[in-house]
Amino acid sequence: MKSEFDICIIGAGMAGATIAAYLAPKGVKIALIDHCYKEKKRIVGELLQPGAVLSLDQMGLGNLLEGFDAQPVDGYSLLQGDEKITIPYPDHYKGMGLHNGRFLQKIRASALQNESVKQIHGKALQLLENERHEIIGVSYRESLTSEIKSIYAPLTITSDGFFSNFRDELSNNKKSVTSYFIGLILNDCDMPFPKHGHVFLSGPTPFICYPISKHEVRLLIDFPGDQLPRKLLLQAHLDANVTPYIPESMLASYEKAMQEGGFKVMPNHYMAAKPIIRKGAVMLGDALNMRHPLTGGGLTAVFSDIQILSAHLLAMPDFYNTDLIHDKIEAYYRDRQHANANLNVLANALYGVMSNDLLKTAVFKYLQCGGTDAQESIAILAGLNRNHYSLIKQFICLAVFGAFDLVRQSIRNLPKAAKILWDAFLIIKPLAKNELSFSAVLSGYFKK
Ligand SMILES: Cc1cc2nc3c(=O)[nH]c(=O)nc-3n(C[C@H](O)[C@H](O)[C@H](O)COP(=O)(O)OP(=O)(O)OC[C@H]3O[C@@H](n4cnc5c(N)ncnc54)[C@H](O)[C@@H]3O)c2cc1C
């Protein structure tokens with residue numbers, strides 16, 4: 001069936017709007033559908049790792065980071081007790097801290113300025129199928145009229161975020177809530193290391209902060225478990241596990257923000273990508289794959305997916321050959337698995353490590369040693385090193401370092417050393433099973 005559009009994109013969020021902004025100037029005809037185009041205040045997607053910034057630059061969209069007070073980030077710092085370390089990003093790469101809502105509006109404006117993009121205000125309801133069960137478009141409820149309408153396109157991209165309505169039809173994913181993030185904005189706050197992402201390890205669970213504008217710092221506090229924190233529990237958590245560990249220089253801004261009470265709470269999901277490959281549709285963004293946001297890897301994965309999917313789609317002469325589109329979707333799912341595995345494993349492994357007293361101390365001391373191991377680790381975090389062998393090597397080195405360090409202090413620490421190794425194994429095993437293959441790790445060794 002010939003259609004007015006080449007692609008129908010469900011969700012003009014970070015993934016949907018960005019792929020539209022990239023493909024539209026190349027002449028791809030796009031229907032972009034979302035039920036809300038207003039700027040939102042969200043606590044998600046505010047730190048772009050250098051890998052995400054690099055992807056934007058490679059797509060020619062780097063200019064979208066300009067003009068709304070986004071702040072460069074030079075590296076990471078870790079703080080535990082009175083000790084602090086900083087690790088710069090490699091080769092002077094930079095990350096960016098920003099207001100997600102402002103950034104998204106810039107991406108949307110960039111997409112919508114193209115004549116080949118039709119903006120649709122509506123809530124996507126159902127994927128439409130032909131008699132061969134191939135997906136041929138989507139039905140939606142138009143926001144203004146509440147009428148139910150349909151859009152047809154040879155390819156539908158479902159990028160409707162972490163509560164995706166279309167996941168059941170296109171994947172076998174199981175999502176789980178690892179923890180919650182409580183988000184606060186600290187005004188006029190002096191972080192211990194300006195232009196750095198901070199990870200605070202002194203309490204039982206981590207909290208992080210980074211600049212999101214010249215005068216604002218985002219604080220994200222982890223609340224462990226899969227139950228939404230109730231008000232009293234949340235306050236008790238902040239009082240016992242966070243407030244005592246806020247650095248002196250940040251305390252006044254923190255206390256003011258606490259008094260004003262404007263915090264937001266979001267669930268942190270883990271969901272490996274398990275797509276069902278169906279003709280006519282493909283998933284992108286959080287609809288397909290999620291990881292813990294501790295490492296700020298979400299948008300690195302999203303933008304990298306956009307590059308991979310777009311490269312495959314743009315290699316086609318047009319969008320008329322549905323068999324060819326199907327081959328391209330298969331190739332995208334295969335390639336993206338390799339590209340994103342390090343980001344996914346690292347995010348959840350690091351969350352496991354930082355919620356474990358022995359491993360947390362080990363990671364701090366390990367990175368404190370500096371040198372090539374610290375550089376390799378930060379390159380993985382930055383989304384610049386996607387080599388699976390590097391990731392596994394660093395994880396094993398960290399666990400062995402931690403065990404050895406304990407035994408070096410006293411032979412009586414032997415049981416603790418064994419526990420570190422066992423805990424590390426329990427953290428990495430399910431993640432590696434979901435995300436990595438032995439052959440991919442081995443080929444990483446030869447590519448190094
Ligand atoms: C607490 C938290 C903090 C995070 N921090 C970071 C960070 O610092 N750095 C980072 O890189 N990543 C971070 N992430 C992850 C990152 O924000 C996500 O990976 C990214 O936003 C996913 O983009 P998306 O387009 O898939 O989803 P979204 O950006 O959520 O977009 C989904 C869009 O779909 C629309 N939509 C939904 N349903 C429908 C429907 N039925 N019809 C039409 N439209 C629909 C929505 O209105 C929305 O516009 C964080 C995540 C969390 C939870």
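Figure 1. The protein is divided into domain 1, made up of residues 7-40 + 101-174 + 271-340, and domain 2, which covers 343-447; the model shown here and in the following views is a predicted one. Taken over C-alpha atoms, the centres of domain 1 and domain 2 are separated by 34 Å. Contact between the two involves twelve residues of domain 1 and 13 residues of domain 2. On the side of domain 1 that touches domain 2, helix 7 and helix 8 (322-354) each supply at least two residues, and the largest share, three residues, comes from helix 8. Sorted by class, this side of domain 1 has four nonpolar, seven polar and one charged residues.

**Figure 2. The shell of residues around the ligand.** There are 37 residues around the ligand, and of these Gly11, Gly13, Gly161, Gly285 and Gly298 come nearest. Two or more residues of the shell are given by each of helix 1 (14-23), strand 2 (30-34), strand 3 (47-48), strand 8 (117-129), strand 16 (264-270) and helix 7 (298-314). Helix 7 gives the most to the shell, with four residues, and helix 7 also supplies at least two residues of the side of domain 1 that touches domain 2. By class, the shell around the ligand consists of 18 nonpolar, 14 polar and five charged residues.

Figure 3. Three strands form an open sheet in the order 3-7-4, and their pairing is antiparallel. Strand 3 and strand 4 (71-73) are the edge strands, each of which pairs on one side only. Strand 3 and strand 7 (residues 95-97) run antiparallel and are joined by two bridges, and leucine 47 stands opposite glycine 97 in strand 7. Strand 3 is also among the elements that give two or more residues to the shell around the ligand.

Figure 4. Serine 110 lies in helix 3, which spans residues 100-112. Serine 110 counts as buried because it has 20 C-beta neighbours inside 10 Å, and 20 or more are required for that class. When its neighbours within four places in sequence are left aside, serine 110 is in contact with Ala21 and Leu64. Serine 110 and proline 25 are 85 residues apart in sequence, while their C-alpha atoms are 9.7 Å apart in space.

**Figure 5. The buried residues of helix 10 and what covers them.** In helix 10 (residues 371-381), the residues Ser377, Ile378, Ala379, Ile380 and Leu381 are buried. The cover over the buried residues of helix 10 includes strand 5 (75-80) and strand 6 (83-88), together with helix 8, helix 9 (357-368) and helix 11 (388-409). Just after helix 10, glycine 383 takes a positive phi of about 80°.

Figure 6. The protein has 13 helices and 17 strands. Its radius of gyration is 22 Å, close to the 22 Å that the globule rule gives for 448 residues, so the protein is as compact as a globular protein of that length. Along the principal axes, the C-alpha atoms fill a box of roughly 75 × 50 × 40 Å. Of the 448 residues, 48% are buried. Among contacts with a separation of 6 or more, 74% are accounted for by residues 24 or more positions apart.

Conventions: Residues are numbered from 1 along each chain as its sequence is written. This is a predicted model: local features need pLDDT of at least 70, side-chain atom pairs count only at pLDDT 80 or more; totals for chains, interfaces and linings use all residues. A residue is buried if 20 or more other C-beta atoms lie within 10 Å of its own, exposed if 12 or fewer, and partly exposed in between; C-beta atoms are placed from the backbone. Two residues are in contact if their C-beta atoms, placed from the backbone, lie within 7 Å. A residue is near a molecule or strand if its C-beta atom, placed from the backbone, lies within 6 Å of it. Ala, Val, Leu, Ile, Met, Phe, Trp, Tyr, Cys and Pro count as nonpolar, Asp, Glu, Lys and Arg as charged, and the others, Gly among them, as polar. Domain bounds come from an automatic or database domain assignment. Two strands pair if DSSP finds at least two bridges between them. The radius of gyration is taken over C-alpha atoms; the globule rule is 2.2 Å times the number of residues to the power 0.38.
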